[in-house]
Amino acid sequence: MDEALALARGARGATSPNPWVGAVLVTAAGGVFAGATEPPGGRHAEIVALDRAGVAASTTRGAALFVTLEPCCHQGRTPPCTRAIIDAGVRRVIVALEDPDARVGGRGIDELRAAGVEVEVGLGAAEAADLLAPYVIHRTTGRPLVTLKLAATLDGRIAAADGTSRWITGDAARTDAHRLRADHDAVLVGAGTVRADDPQLTVRRVAGRDPLRVVLGQVPAAARVHPALELSGPLDGVLSDLGARGVLSVLVEGGARVAHDFHRAALVDRYVLYLAPALMGGSDGTPVMAGPGAQTITDLRRERLIGVRQLGDDVRIDLARSDVPAVVG
């Protein structure tokens, strides 16, 4: 299962809106064949593993299949995996996590068992839930997982009094932020950030796909963020719109007002804060969030610390809501 989870982790970012899944087939003769979900329209992980066994002319009858997510049992872009597993004569299937998709939701497991396949569920479940958190949230709420990214000085400022902000953090942190961007289906900023900074919001410092660029409000046609999706209205409606478009995860990059509004509405699932060893030294710089905050100390929002690591001279701190898996990128 550890190998299957590693394969799934390697497929993350390439399969949306489908889940990133890993599978390892162990034949009765001891042969091992692995696979990961391919981009949309391609094969699911289980089929990749079965096909590789077929290419090697290795019999799959009596084999055991380790898979990070319950095999699908419905016709989508590809035929159901349960049918292929049954036809291949697989004797035992070990599933990490039951699929929260309403079209599956345990029915894939039931179909396998009805065909005489031995099914075990739960091995590696915590790791699979962590890895698939964006998919699980999307399938259970209809909206994407929201990560709020902030880069600030130690005294909590994201820009100086004159509005300048480049660069607060160093090279290693900025590279890591591009990796974070590549891990998300969409990146979102406010129209004010576009007008002030004219960002590209593309992935440049690391290998990876460019996310869908989303702007709250309208921006000039010549802005470098284009082509971008311009949305407006309540934030929960914006997230529902993105979820309906198949967006499983969105990275909110600012600015201070947008960060505040997402936080205040309790719509943030994960926070990633890059802290530079620098001090603005006053109250006239731009705070990480702009707007009314907790009125008393008992109203503080306390999140779960899930990771701290040094990046060059900077520090990255990861927080998550208590009910959201870690999803450390």
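Predicted model: local features only at pLDDT ≥ 70, side-chain atom pairs only at ≥ 80, totals over all residues.
A residue counts as buried when its relative accessible area is under 20%, as exposed when it is over 50%, and as partly exposed in between (1.4 Å probe, protein chains only). Residues are numbered from 1 along each chain as its sequence is written, and side-chain values use heavy atoms, with hydrogens and water left out.

Let's start with D241, which is partly exposed at a relative accessible area of 27%. Its salt-bridge partner is R245, with the closest N and O atoms 2.5 Å apart; a salt bridge here is a side-chain nitrogen of Lys or Arg within 4 Å of a carboxyl oxygen of Asp or Glu. R245 is partly exposed too, at 48%. Elsewhere, salt bridges with shared partners connect D176, R179, R270, R309, R316 and D318 in one network.

Now turn to R181 and E253, whose closest N and O atoms lie 2.9 Å apart in a salt bridge. This pair links distant parts of the chain, as R181 sits in helix 7 (residues 171-182) and E253 in strand 11 (residues 249-254), 72 residues apart. Helices (H or I, at least four residues) and strands (E, at least two) are DSSP runs, numbered from the N terminus. R181 is buried, with a relative accessible area of 9%, and E253 is buried at 17%.

In all, the structure holds 22 salt bridges.
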